[in-house]
Number of protein chains: 2
Amino acid sequence: MNTLTNLELAYMAGFLDGDGTIIAQIVRKKDYVLKYQLRVTVSFIQSSSRKHFLLQLKDETGLGTNRDRKDGISELNIVGREQVLPFLKQLEPYLRLKQKQAKLAMQICEQLPFIGNNPVKFLELCKLSDEIAQLNDSKKRTITSATVRQTFIDAKLISE
Amino acid sequence: MNTLTNLELAYMAGFLDGDGTIIAQIVRKKDYVLKYQLRVTVSFIQSSSRKHFLLQLKDETGLGTNRDRKDGISELNIVGREQVLPFLKQLEPYLRLKQKQAKLAMQICEQLPFIGNNPVKFLELCKLSDEIAQLNDSKKRTITSATVRQTFIDAKLISE
């Protein structure tokens, strides 16, 4: 990622607090030993008519992928620990509303490389992802740490 | 208003670009000679559960009035040229998406004291308020410069 000035970071923190999201999704992956993957994402969204703004953010940060949705909304998605961790490390001191989400997402990013295929440790990170969702007032989540836990019990990876 | 640091202004500009509004409403005022008033407003909104954020913005800027809506949303409204003009003057250089709206709102603020009861001049400012609404993708406006123009024609304040 590019090095950003304090003013750029303060602006982006304000925008993210107002209209961005920090999420950690639990994604089903059939061919993974633990059957799930944790995916952290920082997203900026804007009407596609003002997509230039998102392209500028992409240039400025050197991060993310642009996507045009069918509903006239465009996104800039910064996905995965390699991109999210350095970005949030710089941004976090300037956040006022989503600082807790940022800290939890950074914790997930930092611990992910060390969990290997340990189901107990993975489950702990899934609980952090639940916490982020709760802070985001998220209501439409289908896979939570409880889902993962039940899968692990059924597969006898952990005991009840 | 309080003097704000560049970092505070950059943050607020980011937040306003993401989730705030700059509007200029044309308000019916029966006892006014011109029957309408132009009211400029800068608003920050947030879920009432995070109202502390808006109270902090109010303290920080020394501007605005807090309001709790019935739908669980709270607002910080900075209303009228006396408050809006100095705020936007400081904020404008940091805006990326709502810079045009800010410039038009400042133009209205600056010219308002000089229009007296001149209907032609007032109508010109109403057109600037139309421009702001258009930039905001606003759809639910009931009183536009066309409404005012028709009122002025009916009252024989201007000719067609």
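Author: A convention first: angles over 145 degrees count as roughly antiparallel, under 35 as roughly parallel, 65 to 115 as roughly perpendicular and the rest as oblique. This is a predicted model, with local features needing pLDDT of at least 70 and side-chain atom pairs pLDDT 80 or more, while totals for chains, interfaces and linings use all residues. Residues count from 1 along each chain as written, chains are lettered from A and ligands numbered from 1 in written order, and side-chain values use heavy atoms, without hydrogens or water.

Reader: How are helix 4 and helix 5 of chain A oriented to each other?
Author: Their axes (lines fitted to C-alpha atoms over the stretch in contact, with angles from 0 to 180 degrees between N-to-C directions) come within 9 Å and cross at roughly 160°. Helices here are DSSP runs of H or I, at least four residues, numbered from the N terminus. That angle therefore makes helix 4 and helix 5 of chain A roughly antiparallel.

Reader: How many nonpolar, polar and charged residues are in the contact of helix 4 with helix 5 of chain A?
Author: Contact means heavy atoms within 4.5 Å. On the helix 4 side of chain A you'll find, among others, Leu104(A), Ala105(A) and Ile108(A), and helix 5 brings residues including Leu125(A), Leu128(A) and Ile132(A). With Ala, Val, Leu, Ile, Met, Phe, Trp, Tyr, Cys and Pro as nonpolar, Asp, Glu, Lys and Arg as charged, and the others, Gly among them, as polar, this contact has 7 nonpolar, 4 polar and 2 charged residues.

Reader: Is helix 3 of chain A parallel, antiparallel, perpendicular or oblique to helix 4 of chain A?
Author: Helix 3 (residues 81-91) and helix 4 (residues 99-111) of chain A have axes 9 Å apart and pack at about 135°. At that angle, helix 3 of chain A is therefore oblique to helix 4 of chain A.

Reader: What about chain B: how are helix 1 and helix 3 set there?
Author: Helix 1 (residues 6-19) and helix 3 (residues 81-91) of chain B pack at about 100°, with axes 9 Å apart. So helix 1 and helix 3 of chain B are roughly perpendicular.

Reader: Which three residues supply 39% of the area that chain A buries against chain B?
Author: The interface pairs 22 residues of chain A with 22 of chain B. Together the chains bury about 1900 Å² (accessible area, 1.4 Å probe, lost on being put together, summed over both), 60% of it on carbon and sulfur atoms. The 39% share, more than any other three residues supply, comes from Tyr11(A), Arg96(A) and Leu97(A).

Methods:
Helices (H or I, at least four residues) and strands (E, at least two) are DSSP runs, numbered from the N terminus. Buried area is the accessible area (1.4 Å probe) that two parts lose on being put together, summed over both.
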